[in-house]
Amino acid sequence: MIKVTLPDGSIKEFEDGTTALDVAQSISAGLARNIISAKYNNEIVEITTPLYTDGNLTLFTWKDDEGKKAFWHSSAHVMAQAIEDLYPNAKLTIGPAIENGFYYDVDFRDEKISENDFKKIEDRMLEIARGKHDFKMRSVTKDEALKYYKEKDNPFKVELIENLEDGTITFCDHDTFTDLCRGGHLPNTGVIKAVKLMNVAGAYWRGDEHKPQLTRIYGISFPKQKDLKEYLALLEEAKKRDHRKLGKELELFTFSPKVGQGLPLWLPKGAALRERLENFLKKAQKKAGYEMVVSPHIGQKELYVTSGHYAKYGEDSFQPIHTPNEGEEFLLKPMNCPHHCEIYNSKAWSYRDLPKRFAEFGTVYRYEQSGELHGLTRVRGFTQDDAHIFCTSEQLDDEFKKVIDLTLYVFNSLGFENFTAQVSLRDPENKEKYIGSDDVWNKAEQAIINAAKEKELNYVIETGEAAFYGPKLDFMVKDALGRSWQLGTIQVDYNLPERFELSYKGADNENHRPIMIHRAPFGSLERFIAILLEHTGGNFPLWLMPEQAIILSLSEKYENYSKKVLNLLENNEIRAQVDNRSETIGKKIREAEVQKFPYMLIVGEQEAKDGTVSVRKHGEGDIGTMSVEDFAEIINKEIKNTLHAFEV
């Protein structure tokens, strides 16, 4: 008999050779019907794999990320079989599951594949799926594996196998198809009910531009046709919300080939938006005891050698700037933290002075490959809402909680209410990867876990995911379309204080190393604004909108009254503009809707006579005629309800 421990802590006994599917059936017939994949003692297993030792078992369905991974990995096999059936000369390489779906890289030899070929591949995939073919894993020797793929004249699989250890190689079979695979599949192909090939692209073998270029086909699959329809509808909505599209329509930012790829230019409305975000955070930071600092955009190469950033970013980043002085080299700043360390080092500190909290909206530069650039989410120059806290070990727990409070304030004020937190700890089996003693690591890790518990965060613990210099807490935010984004990070660092020889005088009159906390609720302004644009569809919270209202005059005759209304709004600190063009009011309203103005104030003869405005709300329509003062009250009340002061 073996003892199987389930996620709820319950322990069940089963006969040797029991499978994950057997365990699911012992719990409920419904679970057994829906189980897709399983993990036993932290290793992915097929649900039909016999179990012979005691262990911890987790069962996955389509609702779980691991379940989707097995579903899409299996679908990649089905697509590979369909391609091999339809294109006998094609050579398969690798086909993993990805965040949304799967892909397979294929050498089609002389065949040219386009989206016009997708329909026949999809049809063949569904035909295979309807066959309900079991996925079966089997071990093979290295010689057997090499022989199989040499006979198939597939140099790509041969290269993969040559780098594998004998005794670790497995094949997966289904129907008439065999593939090199480590495992993690559906029970059979029949679970796949809907497939859609999404796009085709080029990809170098193993990501090396000196190796053959392959064709990468992306696809996605679902257990129900309804799920596919919903996904495609979501994609259409995502296109409408694409921050690059909205940024252009709302006149927030632009790019110029003369300025350079990945270097955004902020237009007046976008610059005003950035400024409001900065001022919003600065106001909260001031209450929280932060001090603003400013550092230059460049630094001597030696600064980043000391910090370790040159070793990390040097070769693949912007190259050193040489000055007329021989041997003098500067780098564009890749991170703000080395500069903040030197600001801390500018004077001697006592334990009574700590914590010191230095904050900066500092622009940094990193060379991203042109193919990786994407709007504002991947750029070469970006501004981080960086802050670094230097504290004692006794202060760490409290400081960490305060940073969580500030991060949650930012999320709540901007409408990000659906998020999880990831606590990243070091690998206890591989401690040599990390800097710092067991004692400081244990204290730091416990401080983060305690803080997450005390703040009642929905968090998960990931062992082995800590940075080499300390544990961290990352916030994973879901936007309005259900997509996950990493926003906001809090990191504990023992490394830079050591590298820069930072110190403070303790109560014992001895010098001690401070602990450093890195934090950035926005991450970077560029990426944050991109995500916020797509999350809100450009309908920012009212307090953040570039303009909160637009005054639409029925004709040029009411220009003077429009200006009077504008002055009254500005006196009430409401941002607005006037549209006095000789266009129809219908066209003006339609354009104002597209440009996401929260409120439209229509003025004509009656309004000018009565000293009123007719108010329309974006997406809702008419809300009535009122005085400017009453309208100002509506605006201020809405802002007050959505933007609360930060409480320390």
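**Two strand regions of a predicted model**

The bridge partner of leucine 552 in S30 is aspartate 579. This is a predicted model, in which local features need pLDDT of at least 70 and side-chain atom pairs count only at pLDDT 80 or more, while totals for chains, interfaces and linings use all residues. Residues are numbered from 1 along each chain as its sequence is written, and side-chain values use heavy atoms, with hydrogens and water left out.

Aspartate 579 belongs to strand S30, residues 576-579; strands here are DSSP runs of E of at least two residues, helices are runs of H or I of at least four, and both are numbered from the N terminus. The relative accessibility of aspartate 579 is 9%, so this residue counts as buried (under 20% relative accessible area with a 1.4 Å probe, protein chains only; exposed is over 50% and partly exposed lies in between). Leaving aside residues up to four places away in sequence, aspartate 579 touches Ile550, Ile551, Leu552, Ser553 and Lys588, where a contact means heavy atoms within 4.5 Å.

Strand S29, residues 549-553, runs parallel to S30, and four bridges join them; two strands pair if DSSP finds at least two bridges between them. Together with helix H17, residues 559-571, S29 and S30 make a right-handed β-α-β unit. Right-handed means that, with the strands pointing away from the viewer, the path from the first strand over the helix to the second runs clockwise.

Eleven of its eleven residues are buried, so S21 is largely enclosed by the rest of the structure. In a regular strand the side chains alternate between the two faces of the sheet. In S21, Gly381, Thr383, Asp385, Ala387, Ile389 and Cys391 point one way, and Phe382, Gln384, Asp386, His388 and Phe390 point the other way.

S21 has antiparallel pairings with S20 and S28. Ten bridges join S21 to strand S20, residues 356-365, and tyrosine 365 stands opposite glycine 381. Five bridges connect S21 with strand S28, residues 515-520; here histidine 388 stands opposite histidine 518.

These regions are part of a protein with 20 helices and 33 strands. Its C-alpha atoms fill a box of roughly 85 × 75 × 60 Å along the principal axes. Of the 648 residues in the protein, 51% are buried. Among contacts between residues at least 6 apart in sequence, 69% join residues at least 24 apart.
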